[in-house]
Amino acid sequence: MTDTTKKPLPKRSLLITPEGERLLQQEHDYLWREERPRVTQQVSDAAKLGDRSENAEYIYGKKRLRQIDSRLRFLRKRLEALTVVDRKPAHADKVYFGAWIELEDDAEELYRYRIVGEDEIDLKRGYISVDAPLARGLMGKALEEEVEVRLPKGLETYYIIAITYDKPAWDIGEAPMHRWADNH
């Protein structure tokens with residue numbers, strides 16, 4: 001007899017930085033004020049061309065409107081559910097949500113990360129989820145502490161060489177304003 005019970009997914013944190021909230025709100029506003037009216041006009045113009053069943057512009061436009069409306073619903077619900085962490089922790093010398101951290105491994109290789117909510121993950125910038133194994137292993141740890149973290153590739157040891165809650169000079173990237181809209 002096989003076990004058909006599924007292991008429950010780990011609980012996800014509903015946290016976001018002020019920057020992440022601003023980006024989600026900007027995406028929502030862009031879709032609602034610019035993209036949706038433009039596509040609605042395109043659908044209206046295509047509908048005037050006659051037979052809608054073979055009108056590719058009309059069919060595509062309606063599909064695009066459904067995608068936009070679905071994303072708008074998601075963004076509204078998501079923004080309502082998220083908690084914005086907009087202040088520094090009392091102990092800024094420890095790793096908490098929103099921290100930029102610099103780690104060094106046993107081979108003296110440097111790693112730079114920021115701990116953010118799942119809506120803000122950006123691996124190119126080193127933005128990792130607060131729910132990621134590395135972030136979970138670092139939470140509450142102090143500056144200059146050696147930490148063993150269980151990762152999918154095995155047990156890793158890191159030394160925390162920097163923690164800041166102000167954007168460091170090395171984080172030069174900028175998140176795209178309309179990440180979802182640009183992909184569709």
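Here is a short chat about the predicted model shown above.

Biologist: What should I know before reading this model?
Modeller: It's predicted, so local features need pLDDT of at least 70 and side-chain atom pairs count only at pLDDT 80 or more, while totals for chains, interfaces and linings use all residues. Residues are numbered from 1 along each chain as its sequence is written, and side-chain values use heavy atoms, with hydrogens and water left out.

Biologist: Okay, how many helices and strands does the protein chain have?
Modeller: Four helices and seven strands, counting DSSP runs numbered from the N terminus (helices: H or I, at least four residues; strands: E, at least two).

Biologist: Which residues have the most contacts inside the largest nonpolar core?
Modeller: Ile-101, Leu-103, Leu-134 and Leu-138, in a core of 19 residues. Such a core is a set of buried Ala, Val, Leu, Ile, Met, Phe, Trp, Tyr and Cys residues joined through side-chain atoms within 4.5 Å. Buried means under 20% relative accessible area, exposed over 50%, partly exposed in between (1.4 Å probe, protein chains only).

Biologist: Changing topic, how many aromatic pairs are there?
Modeller: Two. Rings of Phe, Tyr and Trp (its six-membered ring) pair if their centres lie within 6.5 Å; planes under 30 degrees apart are stacked, over 60 edge-to-face, the rest tilted.

Biologist: Why is the pair of Tyr-111 and Tyr-113 stacked?
Modeller: Their ring centres are 6.4 Å apart with planes at 5°, so they count as stacked.

Biologist: And Tyr-158, buried or exposed?
Modeller: Buried, at 5% relative accessible area. Tyr-158 sits in strand S7 and its partner Tyr-111 in strand S4, 47 residues apart.
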